[in-house]
Structures are given as structure tokens and as C-alpha cells.
Amino acid sequence: MRNTWIICRKELHSYFVSPVAYLLLTMFGLIFGFFFWNALGYFVIEGMQMEMRGQSFPMNLNEQIIRPLLSNVSVVGLFFIPMITMRLFAEEKRSGTIELLATSPIRDLEIIIGKWLAAMALYSCLLLFTALNFGFLFRYGNPEWKPLVIGYLGLLLQGGALLAIGTFISTLTKNQIIAGAATFGVCLLLWVLEWASGYETTTWARVLAYMSVITHFESFARGVLDSKDTVFYLTVIFLGLFFSARSMESLRWRS
Amino acid sequence: MHIDILDLHFLKWFQPRMFKCGSAKQGTSTVANKFSMIEVQALTKKYARTVAVDQISFEVAKGQIVGFLGPNGAGKTTTMRVLTCFLPPSAGRATVAGFDVLEQPLEVKKRIGYLPETPPIYPEMETVEYLKFVGKLKGLSGASLQKRVDYASDRCAIADVRKKLLGKLSKGYRQRVGLAQAIIHNPDVLILDEPTAGLDPKQINETRDLIRSLAGDHTIILSTHILPEVEQTCEQVIIINKGKLVATDSVRNLQARARGAESVRVEIAARNGILDAGIVQQKLEQVSGVSRVVSQAQEDGHVVFEVDSQKGHFVRGDLARAVVESGWDLNELRPAAMSLEEIFLQLTGAEASAGPEQAVPKGERP
């Protein structure tokens, strides 16, 4: 436990000493800010039009702003996650510092979990930016907070699952670009698998769609905490970290 | 080449005239009766297609400095990686302080400080930050961590770069930070992979002094392909080539063993100013025990030859007599320094090859 914390702190340190963290935070903040501005603008104009026509449909901040925005965050996250995880192991393997970690009295799993937690921490910082924007809704409107919290929980679980996959891919190579590109490819694939259910209803299509990370996010975005989806994400996290550990062990046998 | 800079040290080896044939004591008999810190038995490491280390066995006694000598690609790094639990052995056993590297890797790792060939530093960290991080990894904390960080940076003379980013340090400083990192948890065993590679001569000397000064507290294995380095810093030598153990011996014995045959530099001048180099060479080749005569320089009335003797023959006396009896002046007659390559080839049983700077050998080879 202590060793995991040491590794985690060291990783966070290198994220925040280099421009990596700030660049990701800036880009994410800009992109999400644009989405937020768009969604809010649309909401306001719609509201004004309804008032002019004298209609009074119920308008709901949760349904019309928060829910689509959370889905957006989950998709944008797919693009940022490879950039967070690609260096985790690839960099250490390239520079030789992996020898220091591997010859210290510390277990492989502690190294892996420490690094994954640091990636989670950086990812949470990205999510914190979105909380800033949602704060405005609470200041000037009256949305429900429970669905929002569940939405964030879903984002964390989904991010954790993809970060675990990214961590695993990073243990496979010395080359950060390969690690990043492969992680990006896998993330993208896990996203578009959902489309398989669009025109097919065979079992295979359903299985493929079930494997998509996006499918499982839907319920969280609606503010529903579904154990099926939670278990799915937790399983992917476990598998990703487990494969990372196996991969690190195999490094010793292969190299 | 490091050898170029340091070749002078070899002269020291060959000054005392001990003309014994290679009757050096074999094996680790001097070690076996002491407590051995490191034991390696029939260690083999195979990669996909190649055998990097083949059936190596040796022991290292507590508190000793051992030089691990061999050309590049001999399997030094692989052996060290097995000892540090970075790689598992394919066959055989290795124990450090009584703990098996396969069965109790955590216990072994606690007792080992390791400096890989490239110091494992994070360029974005400051020196002190880095040492603290490594100290914590090795299980130190609180006041003892601070104490050890101060001690290690003091010992390795890196106190003046405490607050500098490691990425901005020079090669020499990085190497010293690497050493400080290795000793931070006061390990029983230090494993140093080519600790002086890539340093300038002054830094090399400083690093060697540092390593020697660490010997009292730690058992040290250091790898190198530079023979004088072993001679200067180590008590015991383990020579490997192509993954096989060639010799484990004390430095003194190794020196004696390398001295089986001699190579002599002869400078001859003529009394009357005219000297036919061809005739001189013929004369020298006729001396019994001479295997090869190579012309090194020729001027008017002044020639230099390098003469190799056959193994077990010592020809200097006969050479001197032959020169004087022919009516020439003997200006110089001294043993030529042997390069690492020659000694190494001799020990591995191969034939010494002529260096590129030498002229084409004319005499018969043994």
C-alpha cells in the first residue's frame, strides 16, 4: 500500500512538472467549455422561443444540458485517455528506469496500481473542469444533483476501465507513440462497437454492442446506477491491471 | 577507447620480472572458507535464440570487491540482471546473502544496490527529490531517510547539485547520482554495471576512489571491459567470454598467468651509421625461442623491432647477446605492454592477433 502511494506520487509529480498535465487540462477545458456554451445557448434560445409562442413545455436542465454533456465528456475522454497512459511504462522502458523499479523491493502489482491511480488522478482533474461549468447551472438554475453525481461516477468508472487498458498497452512497448496510437485505436473501437446493434439484432451484434464502453455509460448519464454496468467497468479495470501485471512479468522472461 | 587512455597502467604490471609460466592457482579456493555473500551455481540464461550466460559458477566473499571482466556482449550485464532479480535464470541457482533470486526476490532486492549501465534517473526530478524517492522505494522513511539521503549525497560528492534537475546534470554527475541511489539503503551488496563507462579520465579516477572507499561496508561486484580498472579497484576477478566462465582468480594470479610469453621492444643502432634492417631482422629471428619479429620503425642507422617469444621462452638475454655480438648498439630493450585484447585472447586460449598499428608480421607464427 505504501509502495503504491510512493509510485503514484512520483507519477503525479512527473505529470505536473512536465507540460503534459497542463496541456491536457487546457485542451479539455477549451473543448468542454465550447460544448457547454453550445448546449446552454441552445437551451436558452429554445426557452425564449417557447415563451414567445406562449407555450409552456417543462424545461429540464438535467435532461437537456447535463445528460447530453456528460455523454460528450465520455466521448471526449476517449481521445484524452491515450495521452494520459501512453507514457506510463513505455517511457520507463525507453529510459531504463524500469530497471530501478524492477530491482527495488516492491511488487509489480504495486507499481501498476500506483501508476494507474496517478492516471486516474489526472483524469479526475480533467473532470473537475466540467464541474466548474456545471457549477454555473447550480448557481443560476435548479438542477437535481443526484443524477449528476451518478453521471460522474460513471465517467470515473469508464475512464478507469480505459486507463487500465491504456496502462496494459503501455507495458507492451518501449515506444510512447505506439502505445498512444494503439490505446487510441482500442478506445475508438470500444466506442463504435455500439453501432453493431444499430441494424442487426443477432446475438453476435448484441454481444459486440455489450462490449462497447459507451453502451454501459448510457444508464449512468440518465442518472441510474445500474449494477450490471458498474460490474462491467470494474471487470474491465481488473482485467486491464491483471494483464499489465502478466505483461510485466513476461518482460522478465522474454527480454 | 578507454584502453588508449589507460594503457600506461599495464606497464606497472610487467615491471617486476617474474618469469614464471602460468602456474597460477585455479578457482575460488581462497574464497570458499569465508562467508560467501553471493553464490552462483551453474547459472544459465537463454534468450530466444542465443545463450547469453552458459553454466557460470562463482562465489563472492563478504566485503570483497570483485571485477567482472569481459568484452562487450560477454554476458556481464545478463549475469548482473539475474543477481538483481531483474531477469530470472533459465537454469541454475543464484543466491544473495543466502536468499534465492527466484524464491525470495523481495529479500534479495532489499539487500542489493544496483547501478545499471545507464543510470536510472528521471530527468524531471531534482537530485534530492530523486534520492528521496529511491530511498522510499527501498523502504526508508522519516529521519533515517533524510539521514541516508544526506549521507549518500555527501559520499558521492553531489551535494552541490542537490537542487538541480537531473536532466541538466553532466554525465559524471549522473553517474554519481546513480551510485548514490545504489547505496542509499546501505545494502549488503552493490552491483555496478560499467560504473566508469563514458566518463573522462579524471572522473574515472574519482569514481574508482569512491568505489574503493565503499568496499569496507559493502560487497561489490563491478563489471568492466577495462583490465586496469580491475587491477586498480578489485581484489578478485571473474573473467567471462561469450557467456562462459574463463577464469576466476585474484588479480595477482591473473597477472602472473598473463605473463606466460613475453613481447619485447628492441631498439638497435649501428656504430658506423649504416644498418640493414633486413639483416637485423634475420638475426633476431634466429635467436632461439623467438616466434615473431615485427619492424616498428626504421631510420638511417636506427631500427626498432617488436619481438614476441614463444610461450615459456624468455629471450631477452639471448636477444641482447645476439645484437651486441653482431656489432650493433643496443639502445633499448624493454617489455612491451600487452593490450587487454592480447591478455584476454591468451586467457581464452586464442591466438593473439596483430593490432592495426603494427606492420605486417614477417616471421613465422607459433
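What pattern does chain A follow when read along the sequence? Chain A runs α-α-α-α-α-α-α-α-α-α-α, and its secondary structure amounts to 11 helices and zero strands; helices (H or I, at least four residues) and strands (E, at least two) are DSSP runs, numbered from the N terminus. The model is predicted, with local features needing pLDDT of at least 70 and side-chain atom pairs counted only at pLDDT 80 or more, while totals for chains, interfaces and linings use all residues. Residues are numbered from 1 along each chain as its sequence is written, and chains are lettered from A and ligands numbered from 1 in the order in which they are written.

The C-alpha trace of chain A spans about 75 × 45 × 30 Å along its principal axes. Of its 255 residues, 36% are buried, that is, 20 or more other C-beta atoms lie within 10 Å of their own C-beta atom, placed from the backbone.

Where the chains meet, 21 residues of chain B and 17 residues of chain A are in contact, meaning C-beta atoms, placed from the backbone, within 7 Å. On the side of chain B that touches chain A, α6(B) supplies the largest share, four residues.

Technical notes:
A residue is buried if 20 or more other C-beta atoms lie within 10 Å of its own, exposed if 12 or fewer, and partly exposed in between; C-beta atoms are placed from the backbone. Two residues are in contact if their C-beta atoms, placed from the backbone, lie within 7 Å.
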